Amino acid sequence: MTVILAGTVLLMLPVSSASGDSLAAVDCLFMSTSAVCVTGLATVDPGTGLSLFGKVVLAVLIQTGGLGITVIGVILIIAAGGRLSMGKQRLVKESLNLSSGKGLKDIMRGVAYMTITFEVAGAVMCFFSFNSNFEMSHAIGVSVFHSIASFNNAGFDVLGNFRSLTDYNDDIWLSIVTSILIVAGGIGFFVFSELISGKSVRRWSLHTKIVVSVTLFLIVIGTVLIKLTEGQGISLLEAFFHSVSSRTAGFASVDIGGFTKAGSIILMLLMFIGASPGSTGGGIKTVTAFVVFRHLVSVVFTKHCTAFKRKIPDGAIVKAFTVCLMAMLVVMTGTFILAAAEPEFSLHQIVFEVISAFSTTGLSMGITAELCSLSKIVLVFIMFIGRLGPLTIATIWLNRDLTAVNYSEEDIMIG
């Protein structure tokens, strides 16, 4: 919240605006929240509405939100040669969902090296595509910004006129590079480190097996379904790119508003699932969706919820269903408020916008900039909840010392 407010103040400065006039406070709050929550929804065009200073502020906010405050703080402490107290180690362990604080410094160094490597390499590779349309200095800036936004799964672009990557829809090189950056940031450092560790597939952890298998499945099935629903209106490359991008990245190489209703439903499902735990992306997460699906299958066909010859803990199942149901509650509540505040837009457009905000994706049917102030504020809260996670938000209220009271049990009828 502090970073969002600081970003809001910086974006409100006249120097952040391309015109030299201060931007509206609600738009600055929206843009700052969208950047820190690595969403990509924008009420101000970053390409034409922000100055160089404003774009740098936006990039810093994206990087801060993607890595997380805790991770950045620890990396700075380590870089300065400082030591981590037990309290700081416990904070990092809890924020990253680690089972222990063992090897914490090595993990943080790995996160820093991975981030720098991918973003620098991504900027260099993107330069070859952008250099053909811009002067060298401008192309370098666009490449760096795009690499940061891609790896952190934030769909902002500085190409102007909210056109995202539609001018590069047939650029195979840029589409592949952007997709690699999105997937690398979306699978999480811990999965990536296990993939490059040299371990055989059989020795991978259950978490890594689930993340990799679900990620590949969603990319393939998403590509096929988008191509089938959109037909000749979209190429196989564009279908593949949107299958990857819709899972919390938010870049578009074609006009999303032109998608069929069936195609946009596929995008909404992919957005709702999102990326993987411990990554820069949002959504309910791939592992959550997998656990919910596997449990439902086990209820029908078997007695135990298993995966890759391992039993999934009951606590993980309860947490997965809790996250899923709370996410649906947030989406439904947000949809109701926006539907009441924006009667000129269709329900389909509003649901798409709300899911995009919750999953921190950033895809839009082109209605973001036209929303009223109330709707923008509602989306700000939804993006904030989506980035922290509904379970984390609920813990603020639920994780309290309450007097334990045990009641007698009585059966009820279900279904």
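The structure holds 4 salt bridges, a salt bridge being a side-chain nitrogen of Lys or Arg within 4 Å of a carboxyl oxygen of Asp or Glu. This is a predicted model: local features need pLDDT of at least 70, side-chain atom pairs count only at pLDDT 80 or more, and totals for chains, interfaces and linings use all residues. Residues are numbered from 1 along each chain as its sequence is written, and side-chain values use heavy atoms, with hydrogens and water left out.

I will go through some of the pairs. D167 and R163 meet through their side chains at 2.5 Å, N to O. For exposure, buried means under 20% relative accessible area, exposed over 50%, and partly exposed in between, with a 1.4 Å probe and protein chains only. D167 is partly exposed at 46%, and R163 is partly exposed at 24%.

Next, E194 pairs with K199, the closest N and O atoms being 3.6 Å apart. E194 is buried at 11%, while K199 is partly exposed at 37%.

Then K311 and D314, with closest N and O atoms 3.5 Å apart. K311 is partly exposed at 48%; D314 counts as exposed at 52%.

Now to the helix. Helices are DSSP runs of H or I, at least four residues, numbered from the N terminus. Just after α4, G68 has a positive phi of about 100 degrees.

Methods:
Helix = DSSP H or I, 4+ residues; strand = E, 2+ residues; numbered from the N terminus.
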